[in-house]
Amino acid sequence: MAQAVRLARRGHYTTMPNPRVGCVLVKADRVVGEGFHAWAGEPHAEIHALRAAGEAARGATAYVTLEPCSHQGRTGPCAVALATAGVARVVVAMQDPNPQVAGQGIARLREAGIPVQVGVLEAEARTLNPGFVMRMARGRPFVRMKMAMSLDGRTAMRSGESQWITGPLARREVQRLRAGSCAILTGVESIIFDNARLTVRPDQLELPDAEAIGVRQPLRVVVDSRLRLPLAAACLREPGRTLVATLEDHDAERRARLEEAGAEVVGVPAAPDGRVDLSALLHHLAMREQANEVLLETGATLAGAMLAAGLVDEMQLFVAPTLLGGEARSLFELPGLTRMDQQKPVEILDIRAVGRDWRITARPR
């Protein structure tokens, strides 16, 4: 199963919106076939493993990181394929949270007389697909916040100048975070000040198999309650899609001009503060765009609003060994915190050096 998990990771940048899955077929203590899911619409991990094994699949044990599917989608049901191939036993790391499967694949295998064991390396398998699990269970994507700051917690000068706080190795890691995300979420002010392109730059990924996996540009999502996005914004001219999330009663003329410039404008209900309802936006991204993982790259206002709403699942904080001073912009805008008992605790999961910078992985409690 550990090998199946390693195989699944090879689809990290390409399987969206599908989950990352690996499969290993073992017979007489020998691996006879293995595979992983690489692209949505192409064969699943089990099918690749069965094809690699051929006749040797009969009587083998299949180790799969996610319950084999039981329904007909763009590909056939893998539970049926395993049974047809004569697999003698199936070991599953975790049950599929997709309501279309949710135990039915396991049931079909058992109905075919195949013993199924569930729960081997389940924790490791869950870490492969935090967004897919979140989308199926809660109807929203997994939100990973990325922020770069100085040692004194500042993200930009008062003028908005921010390039570059961190070094090239940290920026390479950000490219990998983008490449592994279905969508990049930002606020309109980040575009106004930085004219950010919000794209994956293949030449900066430095992955050994970068050419093999190809490059998939994430959906760019700009939160823009008043439709202030400049028509000449660089993100509108980049490959891929740019979605502008605004209020439902948006300016029709301004919307038309943005759409002519290359944006897709979607109306979102208003929150009590009169801005875009962020929960509703995430629900839209999960249900309409099938976004599993969203990378939040933005300024203090939207970052603070997402934290305050409890919509951040993980924080990737890159800390540079430099000081920007008290007049520079802060990391988060969290109004209303006036007492120590109102502080927002986080759990630090990992700290490591990235070149001259530090990368802190944390999650809000």
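Q: In this predicted model, is Arg126 buried, partly exposed or exposed?
A: A residue counts as buried under 20% relative accessible area and as exposed over 50%. Arg126 has a relative accessibility of 38%. Arg126 therefore counts as partly exposed.

Q: By about how much of helix H5 are Arg126 and Glu122 separated?
A: An α-helix has 3.6 residues a turn, so residues three or four places apart point the same way. Arg126 and Glu122 are four residues apart in helix H5, which spans residues 122-128. Their separation is therefore about one helical turn.

Q: Which residue forms a salt bridge with Arg228?
A: Arg228 is partly exposed at 32% relative accessibility, and the closest N and O atoms of the pair are 3.6 Å apart. The pair links distant parts of the chain, 39 residues apart: Arg228 lies in the loop between strand E9 and strand E10, and its partner lies in helix H8. That partner is Glu189.

Q: How many residues apart in sequence are the parts that Arg197 and Glu238 tie together?
A: The side chains of Arg197 and Glu238 meet in a salt bridge, at 3.8 Å from N to O. Arg197 lies in the loop between H8 and helix H9, whereas Glu238 lies in the loop between E9 and E10. The pair therefore ties together parts whose separation in sequence is 41 residues.

Q: Where on helix H4 do its buried residues lie?
A: In helix H4, residues 104-111, the buried residues are Gly105, Ile106 and Leu109. Seen down the axis of H4, these buried residues fall within an arc of 100°. They therefore line one face of the helix.

Q: Which strands do the buried residues of H4 pack against?
A: The buried residues of H4 pack against helix H3, residues 78-84, and also against strands. These strands cover residues 89-92 and 116-118. They are E4 and E5.

Q: Which strand gives the most to the nonpolar patch?
A: The patch on the surface is formed by Val346, Ile348, Ile351 and Trp358, with about 380 Å² of accessible area together. Val346 is partly exposed, with a relative accessible area of 35%. The strand in question spans residues 346-354 and gives three residues to the patch. It is strand E15.

Key:
Residues numbered from 1 in each chain as written. Predicted model: local features only at pLDDT ≥ 70, side-chain atom pairs only at ≥ 80, totals over all residues. Heavy atoms only, no water. Buried < 20%, exposed > 50% of the residue type's maximum accessible area, 1.4 Å probe, protein only. Helix = DSSP H or I, 4+ residues; strand = E, 2+ residues; numbered from the N terminus. Arc of directions from axis to C-beta. Contact = heavy atoms within 4.5 Å. Patch = residues over 30% accessible without salt bridge, like charges linked within 9 Å, V, L, I, M, F, W, Y side chains within 5 Å. Areas by Shrake-Rupley, 256 points an atom, 1.4 Å probe, with all protein chains shown as cover. Salt bridge = Lys/Arg side-chain N within 4 Å of Asp/Glu carboxyl O.
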